[in-house]
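Here is a friendly walk through a protein model for anyone meeting it for the first time. Take a look at the sequence and the structure, and then read on.

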Amino acid sequence: MPASPEPLKIDEHTALLIVDMINDFDFEGGEALLGHTRKVVPAIQALRKAMTAMGCPVVFCNDNFGQWRSDFRQVVEHCCASDARGGAVCSAVRPVADDYFVLKPRHSAFYGTPMETLLEEIEATCLVVVGIAGDGCVLSTASDAHIRQHKVMVPRDCMASITDERNRNAIGYLSESLRLDTRPSTALMASG
């Protein structure tokens, strides 16, 4: 049996990637995903606050929803609107002036984006990946980061999928197949 992944420690080369949390949840299965997402928002908020206090950059990696002429500010404004299905969740995690963003056309934050260049610029070699959907965009982003030889952690309490079973399966794949650190965010914050 392969050895357990080496526990990650937060340092000056660690970045927090927040995947698809700026979202209107206006799609088939969106209501179910929103219900599970609400449960992880407090853990994401606490982790973000702790990592920001340690000087770690935050990068929002967000779907462009097929809107090729959109920009990130428009996506945030649309998703955080009070009449948007996911408005409250979006508002709870919305970016601040110092955050970075990458609009992504597909599942992975690395596919067809400037993510690699941004990570080089901010000198991030260790990535903490959180967000939705755990079995889709989080999994794809974490896998692509791992392939690119970044140290990767995906805190199990900071990702959500449409069902608990799908989320458990994603966590199992990340920890067992990819050998990534999936400890809860509280363990990561304690190690920082």
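Helices (H or I, at least four residues) and strands (E, at least two) are DSSP runs, numbered from the N terminus. The model is predicted, so local features need pLDDT of at least 70 and side-chain atom pairs count only at pLDDT 80 or more, while totals for chains, interfaces and linings use all residues. Residues are numbered from 1 along each chain as its sequence is written, and side-chain values use heavy atoms, with hydrogens and water left out.

Among the buried ones are Gly134, Cys137, Leu139 and Asp144. What do the buried residues of α5 pack against? Their partners are the strands β1 (14-19), β3, β4 (126-132), β5 (151-153) and β6 (159-160), together with helix α6 (164-177); contact here means heavy atoms within 4.5 Å. After α5 comes glutamine 149, which has a positive phi, near 70 degrees.

Strand β3 (residues 100-104) brings us to lysine 104. Is lysine 104 buried or exposed? It counts as buried, because its relative accessibility is 0%. Leaving aside neighbours within four places in sequence, lysine 104 touches several residues, including Val19, Asp63, Thr113 and Cys137. Cys137 is also one of the buried residues of α5. A polar atom of the lysine 104 side chain lies 3.1 Å from the backbone oxygen of arginine 106, and that side chain also reaches the backbone oxygen of histidine 107 at 3.3 Å.

Now for the charged pairs. The structure holds seven salt bridges, each a side-chain nitrogen of Lys or Arg within 4 Å of a carboxyl oxygen of Asp or Glu. In one of them, aspartate 99 meets arginine 48 at 2.4 Å, N to O. Aspartate 99 lies in the loop between α3 and β3 and arginine 48 in helix α1, so the pair ties together parts 51 residues apart in sequence. Aspartate 99 is buried at 14% relative accessibility, and arginine 48 is buried at 12%.

Another salt bridge joins arginine 183 and aspartate 181, with the closest N and O atoms 2.8 Å apart. Here arginine 183 is partly exposed at 24%, whereas aspartate 181 is buried at 3%. Finally, a network of salt bridges links Glu116, Asp144 and Arg148.

Conventions:
Buried means under 20% relative accessible area, exposed over 50%, partly exposed in between (1.4 Å probe, protein chains only). A polar contact is a pair of N or O atoms within 3.5 Å; within protein, one must be able to donate a hydrogen and the other to accept it, and residues adjacent in sequence count only if both atoms are side-chain atoms.
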